[in-house]
Amino acid sequence: MPLHSCLLAAIDTYERDRDTRRVFPTQDTLHQLNALPQHLPTNPTDLTTILDTLATTIAPATVLTTSGRYFGFVTGGSLPAATAANILATTWDQNAALSLMSPAATHLETIALNWIAQLLHIPATAAGTFVTGATMANFTGMVAARHKLLKDKGHNAELDGLFNAPAFPVVVGDEVHATVYKALAMLGLGRNRVIKVPTNSQGAMDPAHFPTLGEPALVCLQAGNVNTGALDSPQLIDLAKQFNSWVHVDGAFGLWSPHAKYTHADSWATDGHKWLNVPYDSGIAFVKNPADLTGALAVTASYLNSDGAIEPIQKSPDSSRRARGIDAWAALLSLGEQGVRDMIETCCQHARTFASELNNKGVHILNEVNLNQVLAALDTEEKTTQWIDAIQQEGTCWAGSTIWRGRRAMRISVSSHATTQIDVERSIEVMLRSIPSS
Ligand SMILES: *Cc1c(COP(=O)(O)O)cnc(C)c1O
């Protein structure tokens, strides 16, 4: 078979098996991976053999995150248009660092960023950039914050580093995502010196406990707690702004909530590979004042010349990059504004169905289900653990385990366009059947 037919056949087979396959591979399937050569072969391997190995050994060992019954972590599927665009963009192998390297990629990225800003209530004048995920999007928003806060104190962090820089406070909620700490560590702002604001029962920052800062700070809000889906109140932006703070919003998935309106923030981070349902890796950062972003990330080199528009390389922590905007553009075009809103709402609806059906049968629901996340638990820690194991073993669906406020829970995240009412019903049926009897 010619190469392209082999490739398409492999894609077709994978897609066709999607509804009948287990969502998590069996141990036996995973053991097959051990049969792959461990040592770099001396001689070449032909392409058809490689494709055959991918199709027969690797594909069955994948976690079926494109299934409508995968509810692990916060994992979007991939819309057909986004997958197709991604495959074509890979074929084209465009470098999205500079418009001269790929006018088409830069053009589509700009359009996609404008559309995403519009959907997320971010000002059209903000500068946006595609990065690998929300971790780097948080880094990107906060590196612009670092630039601006230190510049206002007369310090140039980019030229002079941080060793003699004046300090500024960093404020987070005590339910801040672990990767925000990682971004703070990479930024030289430190994990330990943050001021942690207590959160309410749902994990959202409590405005009543917001500190009186007395000076400009970096305040990091969260839109979408990974366990409960709770959103920090946008009212916190006004509290933070009293002292001219920079407000960054980590909205990896929660920024897509219809209730997320953080227009007055200074920077925003979100994921494309979660709720927008584009393939990995895709994160997006926006900064209200483009000069703060380019101030932090611009590069100069003799071979770069720009006609005035901000080049991707001037606003991204990366230089060479894949053309992520192409996938996002195709996803957005395929759904339209209403389609995106419907996809989000359908996921939330499915989450409510999980919560009510499980609760009707005596399962405890530990969170208020206002978004796409459901925390479910049985009477004891031990039973809940057994229950999650049994569901994962059964294979029809997959949901992970978490600890919420000291209590073990199963976390069901409905983030995929592929999830249908039938998927939800089949999964609920398996979940109820898997409840340990004693
Ligand atoms: C997923 C998530 C992140 C990290 O996103 P990556 O895409 O994995 O880098 C950060 N913050 C929140 C709230 C998240 O849900």
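What follows is a list of stops, each with something to select and a note on what is there.

**Before you start**

This is a predicted model, so keep the cut-offs in mind: local features need pLDDT of at least 70, side-chain atom pairs count only at pLDDT 80 or more, and totals for chains, interfaces and linings use all residues. Residues are numbered from 1 along each chain as its sequence is written, and side-chain values use heavy atoms, with hydrogens and water left out.

**Stop 1: a nonpolar patch**

Select Leu3, Leu47, Ile50 and Leu54, which make a nonpolar surface patch of about 330 Å². A patch here joins residues with over 30% relative accessible area and no salt bridge: nonpolar side chains (Val, Leu, Ile, Met, Phe, Trp, Tyr) within 5 Å, or like charges within 9 Å. Areas come from the Shrake-Rupley method with a 1.4 Å probe, and for residues only the protein chains shown count as cover. Now colour helix H3 (residues 47-58), which brings the largest share of the patch, three residues. (Helices are DSSP runs of H or I with at least four residues, strands are E runs of at least two, and both are numbered from the N terminus.) Ile50 sits in helix H3 and counts as partly exposed because its relative accessibility is 38%; buried means under 20%, exposed over 50%, and partly exposed in between, with a 1.4 Å probe and protein chains only.

**Stop 2: the largest pocket**

Rolling a probe the size of a water molecule over the atoms shows where empty space is left. The largest pocket holds about 850 Å³ of space. Of its 30 lining residues, select the ones closest to the centre: Ile11, Tyr14, Glu15, Thr66 and Thr83. On a 1 Å grid over the protein atoms alone, a pocket is an open set of points where a 1.4 Å probe fits, with protein on both sides within 12 Å along at least five of seven lines; lining residues have an atom within 4 Å of a point. Points are joined across faces, edges and corners, and the volume is the space filled by probe spheres set on them.

Helix H1 (3-17), H3 and helix H4 (80-92) each give at least two residues to this lining. Sorted by class, the lining has 18 nonpolar, ten polar and two charged residues. Here Ala, Val, Leu, Ile, Met, Phe, Trp, Tyr, Cys and Pro are nonpolar, Asp, Glu, Lys and Arg are charged, and the others, Gly among them, are polar.

**Stop 3: the second largest pocket**

Which residues lie nearest the centre of the second largest pocket? Select Thr110, Leu113, Gly128, Ile310 and Lys315, out of 21 lining residues. The volume of this pocket is about 340 Å³. Helix H5 (103-119) gives the most to its lining, seven residues, and strand E1 (127-131) supplies at least two.

**Stop 4: salt bridges**

Side chains of opposite charge can pair when their charged atoms come close. With a side-chain nitrogen of Lys or Arg within 4 Å of a carboxyl oxygen of Asp or Glu as the rule, the count comes to 16 salt bridges.

- Show Asp423 and Arg69, whose closest N and O atoms are 2.9 Å apart. Asp423 is in helix H13 (residues 421-433) and Arg69 in the loop between H3 and H4, 354 residues apart. Asp423 is buried at 7% relative accessibility, and Arg69 is buried at 2%.
- Next come Glu109 and Arg321, with closest N and O atoms 2.7 Å apart. Glu109 lies in helix H5 and Arg321 in the loop between helix H10 (290-297) and helix H11 (324-360), so this pair ties together parts 212 residues apart in sequence.
- Then try Glu215 and Lys153, at 3.9 Å between the closest N and O atoms. Glu215 is partly exposed at 30%, and Lys153 is partly exposed at 37%.

**Stop 5**

Most residues other than glycine have a negative phi, and most peptide bonds are trans. Stay on Asp281, in the loop between strand E6 (267-271) and strand E7 (283-287): the peptide bond from Tyr280 to Asp281 is cis, with omega near -10°.

Jump to Asp93, in the loop between H4 and H5, where phi is near 50°, a positive value. Asp93 counts as exposed because its relative accessibility is 64%. Arg405 also has a positive phi near 50°, and is found in the loop between strand E10 (400-404) and strand E11 (407-413).
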